[in-house]
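Colleague: I am new to reading protein models. Could you walk me through this one, question by question?

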Amino acid sequence: MSIQELHSLLLIFLIAVLSPMISEILPVIRLPIVVLEITLGLIIGPQVLGWAEPGPTIAILSNFGLAFLFFVAGFEINFQAIRGRPLMLAAVGWMMSFGICLLVGYSLQWSAMVGSGLIVGAALTTTALGTIMPILRDARELPTRFGAYTVASGAMGEFGPIILIALVLSGGEGEHGGSIWLMLVFVVIILVAVYVAINYRPPRLIVLMQEKMHTSAQLPMRIAILVLGSLVMLARDMGLDSILGALAAGIVVSLASPGEYGKELMHKIEGMAFGFFVPIFFVTTGLRYDLHALLNSNKALMNKALMQLPLFVILFLLVRGLPAFIIRKDLDLTSRFALALFSATQLPLVVAIAEIGVKSGNLPNDTAASLVGAGMMSVLLFPMIALALRRRQLQRQKTT
């Protein structure tokens with residue numbers, strides 16, 4: 001690692017420390033920590049101040065951060081809470097989003113605003129589950145009914161687009177290229193792993209794991225990381241997105257470690273993820289953002305990337321937010337607006353889909369910059385507004 005990259009990494013660590021402190025200093029605005037990490041990363045990055053840049057080592061650490069982000073998201077999905085009506089309505093809602101995205105995507109392609117309606121449409125159907133989970137947890141919304149519907153919507157907004165990427169968009173991006181057969185093989189492997197995790201718990205192994213939980217061996221943590229690495233590599237070797245492997249790993253490890261033992265393991269995983277790897281991913285997202293492509297697009301005025309950015313933000317709300325209003329019996333109108341905003345919060349998968357589009361030549365750099373910029377704006381604005389709506393609604397319920 002060069003001395004310049006070491007300095008960049010030190011600045012990333014500094015932002016990781018400053019972001020939660022700034023979030024507490026500004027209680028009125030209460031910006032989510034990830035918002036500050038991305039914004040400050042953009043400011044110190046090569047596009048603005050030029051103080052830091054993402055070198056190869058930082059890129060590797062950032063990839064680990066993305067994997068841990070979805071690993072934790074998979075671990076925290078409470079299937080008991082979201083099963084039944086929340087998951088069913090989330091599935092119906094995502095199918096509605098998929099239908100809307102095809103209409104919107106191909107309309108944009110027909111009007112020559114984008115090069116590939118399918119790629120843009122796929123990006124519009126995502127939800128940043130890994131991003132909103134820590135926000136929901138910090139706001140103590142995860143155990144609530146609203147939290148269950150939000151997690152269910154986020155889970156569908158991750159699995160649906162990932163499957164779409166694997167079957168339609170990847171087309172050779174992985175080592176073998178995604179296909180429906182490889183996806184089915186991967187699903188079977190995960191189902192077998194889930195069955196083993198639930199049903200195969202030898203007492204001697206459980207005792208050994210508990211004994212080594214708080215020693216220098218840290219055996220449960222090492223096994224969890226091994227499962228994460230194995231499923232991420234398996235997904236990549238099958239031509240699937242590594243995010244799918246990370247999400248599946250979190251689910252498998254969670255099912256294998258129930259009760260208090262699982263809570264202790266979760267605390268350790270969260271410490272490693274949000275204390276080190278995840279902040280590097282978010283700050284590096286800001287460092288990597290191609291601000292010049294957004295500001296210096298030389299296309300006609302209506303097609304300039306800067307003009308497309310607010311359009312994509314609105315389309316995020318339309319495609320992913322609109323289906324939230326089918327939940328009429330279980331959530332009040334204000335909570336449905338908040339759910340729509342959380343569902344429309346998008347970033348990691350938007351980045352992945354935009355990269356696929358650019359590599360395949362179906363998405364210009366400026367349009368990709370607009371999509372990623374819109375994803376960043378959704379993370380900047382939507383959770384903050386959603387939480388404000390929820391706080392106001394809860395205050396009204398207390399006073400009545």
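Colleague: Which residues form one aromatic cluster together with Phe13?

Modeller: Keep in mind that this is a predicted model. Phe64, Phe68 and Phe71 belong to the cluster with Phe13. Two further members complete the group: Phe276 and Phe277.

Colleague: How many aromatic pairs does the structure hold? And are the rings of Phe276 and Phe277 stacked or edge-to-face?

Modeller: The structure holds 9 aromatic pairs. For Phe276 and Phe277, the ring centres lie 4.7 Å apart. Planes over 60 degrees apart count as edge-to-face. The planes here stand at 75°, so the pair is edge-to-face.

Colleague: Is Phe277 buried or exposed?

Modeller: Start with its partner. Phe276 has 31% relative accessibility, which makes it partly exposed. Buried means under 20% relative accessible area. Phe277 has 14%, so Phe277 is buried.

Colleague: Now the helices. At what angle do the axes of H1 and H3 cross?

Modeller: Two packed helices are described by the angle between their axes and the distance between the axes. Helix H1 covers residues 3-25, and helix H3 covers residues 56-76. Their axes come within 9 Å. The crossing angle is roughly 35°.

Colleague: Which residues make that contact, and how do they divide by class?

Modeller: H1 brings Glu5, Ser8, Leu9 and Ile12. H3 brings Pro56, Thr57, Ile58 and Leu61. By class, the contact has 5 nonpolar, 2 polar and 1 charged.

Colleague: What is the volume of the largest cavity, and which helix gives the largest share of its lining?

Modeller: The structure holds 1 cavity of 30 Å³ or more. The largest cavity has a volume of about 100 Å³. Of its 13 lining residues, the closest to the centre are Ala90, Gly93, Ser153, Pro323 and Ala324. The largest share, 4 residues, comes from H5.

Colleague: Which class has 9 residues in that lining?

Modeller: The lining of the largest cavity has 3 polar residues and 1 charged residue. The other 9 are nonpolar.

Colleague: What about the largest pocket? Which helix gives the largest share of its lining?

Modeller: The largest pocket has a volume of about 1200 Å³. It is lined by 43 residues, and Asn63, Leu66, Ala352, Glu355 and Lys359 lie nearest its centre. Elements that give two or more residues include H3, helix H13 (259-288) and helix H17 (348-360). The largest share, 8 residues, comes from H17.

Colleague: How many residues in the lining of the largest pocket are charged?

Modeller: Go class by class. The lining has 24 nonpolar and 10 polar residues. The charged residues number 9.

Colleague: Is Trp110 buried or exposed?

Modeller: Trp110 sits in helix H5. Exposed means over 50% relative accessible area. Trp110 has 77%, so Trp110 is exposed.

Colleague: What is the phi of Arg140, and where is this residue found?

Modeller: Arg140 is not a glycine, yet its phi is positive, at about 60°. Arg140 is exposed, because its relative accessible area is 69%. Its place is the loop between helix H7 (129-138) and H8.

Colleague: Where is Gln218, and what is its phi?

Modeller: Gln218 lies in the loop between helix H10 (203-211) and H11. With a relative accessible area of 23%, Gln218 is partly exposed. Gln218 is a residue other than glycine, and its phi is positive, near 45°.

Terms used. Residues are numbered from 1 along each chain as its sequence is written. This is a predicted model: local features need pLDDT of at least 70, side-chain atom pairs count only at pLDDT 80 or more; totals for chains, interfaces and linings use all residues. Side-chain values use heavy atoms; hydrogens and water are left out. Rings of Phe, Tyr and Trp (its six-membered ring) pair if their centres lie within 6.5 Å; planes under 30 degrees apart count as stacked, over 60 as edge-to-face and the rest as tilted. Buried means under 20% relative accessible area, exposed over 50%, partly exposed in between (1.4 Å probe, protein chains only). Axes are lines fitted to C-alpha atoms, for helices over the stretch in contact, and angles run from 0 to 180 degrees between N-to-C directions. Contact means heavy atoms within 4.5 Å. Ala, Val, Leu, Ile, Met, Phe, Trp, Tyr, Cys and Pro count as nonpolar, Asp, Glu, Lys and Arg as charged, and the others, Gly among them, as polar. On a 1 Å grid over the protein atoms alone, a cavity is a set of points where a 1.4 Å probe fits but cannot get out, and a pocket is an open set with protein on both sides within 12 Å along at least five of seven lines; lining residues have an atom within 4 Å of a point. Grid points are joined across faces, edges and corners, and a volume is the space filled by probe spheres set on the points.
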